[in-house]
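Hi,

Here is the structure I promised to send over.

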Amino acid sequence: MTAQYKVHGDVAVITMDNPPVNGLGLATRQGIASGLEQANADPAVKAIVITGAGKAFSGGADIKEFGSPKAIAEPNLLSVILAVENSVKPVVAAVHSVCMGGGLELALGCHYRIAAPGTNVALPEVKLGLIPGAGGTMRLPRVLGVETALNMIVSGEPVKSELLAQQPGQKLFDKMAKDAAGVVDEAIAFAREVAGKRPLPRVRDLPSKHPQGDAYFQFARNMVKGMAKNFPAPVKCVDAVEASTKKKFDEGLVFEREIFMALMLTPESRALRHIFMAERAASKVPDVPEDTPKREIKSVAVIGAGTMGGGISMNFLNAGIPVTILEMKQEAIDRGIATMRKNYEGQVKKGKLKQDKYEQRMSLLKTTLDYKDLAQADLVIEAVFEEMGVKQKVFETLDQVMKPGAILASNTSTLDVNRIAAFTKRPQDVVGLHFFSPANVMKLLEVVRGDKTAKDVLATVMALAKTIRKTAVVSGVCDGFIGNRMIEQYSRQAGFLLDEGATPQQVDKAIEKFGFAMGPFRMGDLAGNDIGWAIRKRRATERTEMKYSKTADKLCELGRFGQKTGAGWYDYQAGKRDAIPSKLVEDMIAEHRRTLGIEPRKITDEEIVQRLVFALVNEGAHIVEEGIASRASDIDMVYLTGYGFPLHRGGPMLYADTVGLFNVMQAMKRFQQNPRDDAKFWEPAPLIKKLVAEGKGFNG
Ligand code: NAI
């Protein structure tokens with residue numbers, strides 16, 4: 001059992017003990033239930049205290065049990081809370097540090113609550129696409145008032161205990177303890193004081209009401225609808241809290257439970273729970289144990305102050321790590337610094353950054369034209385032009401000047417990290433750190449593991465990614481790594497769709513309706529169509545067999561690189577970003593179709609979405625199979641954090657599971673029959689065939 005039971009004189013103390021956050025898994029629930037039984041049966045015990053060992057009261061449901069029979073096995077959380085509430089001896093919750101989700105619901109079932117200052121109090125279920133399912137929506141409004149409770153339930157954000165304790169009329173906390181260390185002792189003393197008081201106070205007996213009643217809930221529902229977009233749970237939070245004001249307590253509990261169970265089955269909740277687990281999984285590298293010693297990173301050097309170098313540097317400055325930027329010419333430094341300053345000043349203007357913080361960050365930045373000034377840096381990140389020859393010179397120089405043990409990283413987006421490593425005599429210290437543009441904003445960091453990259457280098461950069469608040473995903477070496485290798489297939493499909501009869505705006509609209517922030521053509525115009533053009537030219541010599549639509553090249557031949565040239569797949573008015581459908585582009589596409597002898601056909605939005613997304617899925621499956629990615633969920637993290645894949649779909653691989661891999665495979669076989677498409681590409685990846693044969697999905 002993962003709860004301890006100890007009697008202190010006439011007070012029994014039940015301590016949940018299930019590291020790291022005393023998750024309320026089956027064993028912990030059993031421990032609490034049996035502790036209660038023991039205490040109630042012991043005539044020497046007059047009152048009971050429930051608390052949590054270590055760094056939490058309780059973080060709530062045990063996420064490891066989600067979806068498994070254990071999660072709802074008796075005693076489930078509702079039953080435990082009911083047992084607490086029905087205890088004939090008073091139960092005092094001694095909360096500290098973390099009191100969230102089921103942990104808070106448990107505390108609300110107790111007769112009294114004492115809190116340590118600094119406790120994070122929250123009902124974060126909405127972040128997993130759920131509502132609290134063990135009385136939270138019924139009890140929290142009764143102790144904090146409808147508005148405060150609803151705000152907490154809809155946002156899922158933690159609030160500090162001392163702030164809640166200051167709220168007039170609050171009944172959440174009966175007392176604030178001096179500190180977390182003494183909260184149990186204070187709770188024991190308090191329990192003795194109230195041991196003889198009857199009747200026992202129960203949260204369920206308090207009223208839940210709002211002075212404006214229906215009008216308030218209507219207003220709240222409208223607000224929440226606007227913000228929740230693709231997620232059903234937030235509006236359901238409003239329904240449940242409203243029910244706390246209208247239904248009898250026990251009926252309200254049933255209503256809450258029904259909503260909870262229904263949400264559990266929605267694809268949106270599945271997606272959010274998947275992301276929660278996938279993020280944790282991505283930080284683990286299968287053959288690099290967590291206790292691998294790490295190198296210390298106290299200073300960083302960045303080579304190149306262009307688009308990427310500046311953004312990359314800002315990440316480290318924001319985390320308080322000094323950076324030295326090296327460039328070829330002073331003008332390039334000046335330009336780079338000016339861009340960084342503009343960026344920071346924008347944040348200051350918006351009130352997101354304090355002026356003194358901004359100055360403090362910039363004071364950590366040095367610039368140089370001389371490699372000698374970098375020699376002592378613990379990590380150097382190269383972000384120079386994407387040309388092997390240029391990278392070669394940089395890495396040969398770094399090999400000569402950098403101190404032993406320094407990590408040498410490249411931000412290359414396509415080049416072979418093994419070749420780059422071979423330019424040095426220390427390939428074990430070389431790794432790819434592929435940031436995404438804008439590098440100070442985008443969450444994704446692809447960590448490219450070379451054949452010789454040392455384990456402690458990987459462990460170090462994975463930990464560093466956390467420090468600079470990136471989601472790191474490890475990729476093996478291949479052209480384009482995980483993300484760009486897949487996007488190539490997506491872009492190819494987008495091109496074929498134009499050839500076959502679609503317009504850029506139709507393709508963009510269909511995939512934006514699916515949930516992508518931007519369709520492929522609007523995205524191309526934003527990023528610059530010339531980048532893809534350059535990559536295609538390079539690959540044309542390497543991979544002659546690859547079939548492409550030539551429309552994108554034709555567009556670039558017209559100088560239509562996108563927003564930066566005022567025209568791309570769309571037209572743009574000076575200074576504006578609105579994409580206006582272009583007659584010229586439509587004519588160009590039609591002309592191209594004529595030269596290919598294609599009779600345009602009507603293409604459905606469904607076909608557009610399937611061809612774009614399943615192209616990602618098939619390439620993703622190859623990537624998992626080849627071991628370039630450690631797991632399918634890593635691919636989802638790449639697409640969610642780096643490519644704007646809709647959150648509520650959980651990433652391409654989870655989406656494929658939701659559709660059903662069998663159905664995905666059928667669609668691929670259909671696409672194989674299309675003479676305008678690439679039949680070879682649509683051959684389902686062996687991994688997909690295998691999973692379908694086993695009746696499984698990518699995620700089991
Ligand atoms: P950029 O052209 O904006 O900046 C490159 C900078 O490097 C220039 O300021 C140039 O003066 C400097 N530079 C060139 N050779 C140098 C040398 N030998 N020593 C010192 N400085 C040198 O290029 P950008 O876009 O920042 O790209 C840099 C790298 O980042 C490339 O490898 C690119 O593939 C990669 N990358 C670019 C992304 C993007 O969206 N722009 C995204 C992810 C990676």
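At what angle do helix H28 and helix H29 pack, and how far apart are their axes? Before the answer, a caveat: this is a predicted model, where local features need pLDDT of at least 70 and side-chain atom pairs count only at pLDDT 80 or more, while totals for chains, interfaces and linings use all residues. Residues are numbered from 1 along each chain as its sequence is written.

So, the helices: H28 (residues 661-672) and H29 (residues 686-694) pack at about 135 degrees, with axes 9 Å apart. (Axes are lines fitted to C-alpha atoms over the stretch in contact, and angles run from 0 to 180 degrees between N-to-C directions; helices are DSSP runs of H or I with at least four residues, strands are E runs of at least two, and both are numbered from the N terminus.) On the H28 side, Leu661, Phe662 and Met665 meet Ile688, Leu691 and Val692 of H29 (contact means C-beta atoms, placed from the backbone, within 7 Å). By class, that contact has 6 nonpolar, no polar and no charged residues.

Now the ligand. Its shell has 25 residues, with Gly304, Gly306, Met308, Val384 and Ser437 the closest (C-beta, placed from the backbone, within 6 Å). Helix H13 (307-318), helix H16 (388-401) and strand E15 (430-435) each give two or more residues to the shell.

Finally, an unreviewed UniProt entry places "domain: 3-hydroxyacyl-CoA dehydrogenase NAD binding" at residues 299-475; such annotations may be inferred rather than shown by experiment. That span is 41% helix and 20% strand, and its end C-alpha atoms lie 25 Å apart.

Cheers

Key: Contact = placed C-beta atoms within 7 Å. Nonpolar A, V, L, I, M, F, W, Y, C, P; charged D, E, K, R; others polar.
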